[in-house]
Amino acid sequence: MNSQRIRLLIGMLISVVLVGWVVWNTDWNEVWSRLSEANPALLLASAAAVGGGIFLRTWRWQIMLEPEVPERRYGDLLDIVNLGYLANNLLPARLGDVIRSYLAAEWTPSTFTFALSTTAVERVLDTLVVVTMLFGVLPFLPVPPEAAQVGTLLGIAFFAAGVVLVVMAWYKVQSEKIIRAVLR
């Protein structure tokens, strides 16, 4: 038996044990009670939003990896993204992002450092989106004025940072020259 089959069997065994543990320790009456109280339309909408978000994030990551992974292996990247999110849910300190970068280096032509840097850029972009959304809804939330002011300043700062990142991406050569000059 080759090492790939052994790893697959070990992974399947771990999955079966963990799923069994979850099934055994779940209060199914409570689960059904909560599900019966839930709005089915909202459950479907949230499932669609989460699923769509994963597909869009994988597509975004595929674009970011393109310099090292030009053949566009969407299926492999979707698997890697899902495994990374699973690990983020199970492990502390967002170790799933490191695992995702490792898997990208193993399953694609990408290097670990390149994949890790794209993951870091993704986290910055995700933060920009969340802060921008907060900035948009902040006027409608019942928060103390001090919190609203801090939120507004953060929203403006992150929006400006986003604009700077877009400009830097658009003017790569000039941006690289400026960064090199500053780092000297």
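The model is predicted. The patch has about 920 Å² of accessible area in total, and the largest pocket has a volume of about 680 Å³.

**Nonpolar patch**

- The patch lies on the surface and consists of Leu83, Leu86, Leu90, Leu91, Leu95, Val98, Ile99, Tyr102, Trp107, Phe112 and Leu116.
- At least two patch residues come from each of helix H4 (74–90), helix H5 (95–107) and H6.

**Trp107**

- Trp107, one of the patch residues, sits in helix H5.
- Its relative accessibility is 36%, so Trp107 counts as partly exposed, the class between buried, under 20%, and exposed, over 50%.

**Largest pocket**

- The volume of the largest pocket is about 680 Å³, and 16 residues line this pocket.
- Among the lining residues, Val121, Leu165, Met168, Ala169 and Lys172 are the closest to the pocket centre.
- Two or more lining residues are supplied by each of helix H6 (112–137), helix H7 (145–170) and helix H8 (172–183).
- H6 provides six residues, the largest share of the lining.
- By residue class, the lining has 11 nonpolar, three polar and two charged residues.

**Helix in both features**

- H6 supplies at least two residues of the nonpolar patch and six residues of the lining of the largest pocket.

Technical notes
Residues are numbered from 1 along each chain as its sequence is written. This is a predicted model: local features need pLDDT of at least 70, side-chain atom pairs count only at pLDDT 80 or more; totals for chains, interfaces and linings use all residues. Side-chain values use heavy atoms; hydrogens and water are left out. On a 1 Å grid over the protein atoms alone, a cavity is a set of points where a 1.4 Å probe fits but cannot get out, and a pocket is an open set with protein on both sides within 12 Å along at least five of seven lines; lining residues have an atom within 4 Å of a point. Grid points are joined across faces, edges and corners, and a volume is the space filled by probe spheres set on the points. Helices (H or I, at least four residues) and strands (E, at least two) are DSSP runs, numbered from the N terminus. Ala, Val, Leu, Ile, Met, Phe, Trp, Tyr, Cys and Pro count as nonpolar, Asp, Glu, Lys and Arg as charged, and the others, Gly among them, as polar. Patches are made of residues with over 30% relative accessible area and no salt bridge: like charges are joined within 9 Å, nonpolar side chains (Val, Leu, Ile, Met, Phe, Trp, Tyr) within 5 Å. Accessible areas come from the Shrake-Rupley method with a 1.4 Å probe; for residues, only the protein chains shown count as cover. A salt bridge is a side-chain nitrogen of Lys or Arg within 4 Å of a carboxyl oxygen of Asp or Glu. Buried means under 20% relative accessible area, exposed over 50%, partly exposed in between (1.4 Å probe, protein chains only).
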